[in-house]
Amino acid sequence: MSTPVPDSIERSIDITADAERVFALVSRPGWWINEGTVVENIVETVGDVSTVTHAKYGEFRIRTVESRPPRYVSFRWLGGDQANEELDAPGTLVEFWVEEKQAGGVTLRVLESGFSTLPVTEEQRRKNVEDNTKGWEEELAAARAFFEGA
């Protein structure tokens, strides 16, 4: 019997930067769509929905769910394509917390949840969780490198 696929991924990293600067990065829809280095994706926003275009990976639609600067922001991946007006397709929720540390700097924490609601097979769900677990480790390291250098 295989172990159940987790519904969420949670990771964190310490960054030597102030909360406002880190929040300015993590509040950009789709900043995490890259290859281990923070890049300037093309972002077009209408209301609370942004279309993020990455040179290699193409277009992604992301809804900004909530923003409480400089501590918390959340986004929901949206399914479908640009012409599709149905914006409530199941997608995971991505939440970021920026927490100041006593010794200076911040802890950036990410929680991606909702994998159990995706309309995919159990095998695809497991692959999504595995890929995104590795991905969040890379993206958080990219965020730290963005502020602290290589």
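Trainee: Which residues have the most contacts inside the largest nonpolar core?

Mentor: In soluble globular proteins, nonpolar side chains tend to be buried together. In this predicted model, the largest nonpolar core has 32 residues. Those with the most contacts inside this core are Ile-15, Val-22, Val-26, Trp-31, Trp-32, Phe-96 and Leu-108.

Trainee: Which helices and strands each supply at least two residues of this core?

Mentor: Strand 1 (8–15), helix 1 (19–26), strand 5, strand 6, strand 7 (106–113) and helix 2 each do. Helix 2 gives the most, with 6 residues.

Trainee: What does Ile-15 touch, not counting residues up to four places away in sequence?

Mentor: Ile-15 touches Val-22, Gly-105, Val-106, Leu-108, Ala-143, Arg-144, Phe-147 and Glu-148.

Trainee: Now the aromatic rings. How many aromatic pairs does the structure hold?

Mentor: There are 11 aromatic pairs. Take Tyr-72 and Trp-97: the ring centres are 5.3 Å apart and the planes stand at 55°, so this pair is tilted. The pair links distant parts of the chain, with Tyr-72 in strand 5 (residues 72–78) and Trp-97 in strand 6 (residues 93–100), 25 residues apart.

Trainee: Are Tyr-72 and Trp-97 buried or exposed?

Mentor: Tyr-72 and Trp-97 are both buried. Trp-97 also has a charged neighbour: the charged end of Arg-109 sits over the Trp-97 ring, 4.0 Å from its centre.

Trainee: What kind of aromatic pair do Phe-96 and Trp-136 form?

Mentor: Phe-96 and Trp-136 form an edge-to-face pair, at 5.8 Å centre to centre with 75° between the planes. Phe-96 lies in strand 6 and Trp-136 in helix 2 (residues 122–148), so the pair ties together parts that are 40 residues apart in sequence. Both Phe-96 and Trp-136 are buried.

Trainee: Which residues do ring pairs link into a cluster?

Mentor: The cluster consists of Trp-31, Trp-32, Phe-60, Phe-75, Trp-77, Phe-96 and Trp-136, linked by ring pairs.

Trainee: Which residues of the lining lie nearest the centre of the largest pocket?

Mentor: The lining has 24 residues, and those nearest the pocket centre are Trp-32, Trp-77, Glu-112, Asp-131 and Asn-132. Trp-32 and Trp-77 also belong to the ring cluster.

Trainee: Which element gives the most to that lining?

Mentor: Helix 2 does, with 10 residues.

Note on methods:
Residues numbered from 1 in each chain as written. Predicted model: local features only at pLDDT ≥ 70, side-chain atom pairs only at ≥ 80, totals over all residues. Heavy atoms only, no water. Phe/Tyr/Trp six-rings, centres within 6.5 Å; stacked < 30°, edge-to-face > 60°. Helix = DSSP H or I, 4+ residues; strand = E, 2+ residues; numbered from the N terminus. Buried < 20%, exposed > 50% of the residue type's maximum accessible area, 1.4 Å probe, protein only. Lys NZ or Arg CZ within 6 Å of the ring centre and 35° of its normal. Core = buried A, V, L, I, M, F, W, Y, C linked by side-chain atoms within 4.5 Å. Contact = heavy atoms within 4.5 Å. 1 Å grid on protein atoms, 1.4 Å probe; cavity = no way out; pocket = protein on both sides within 12 Å on 5 of 7 lines; lining within 4 Å.
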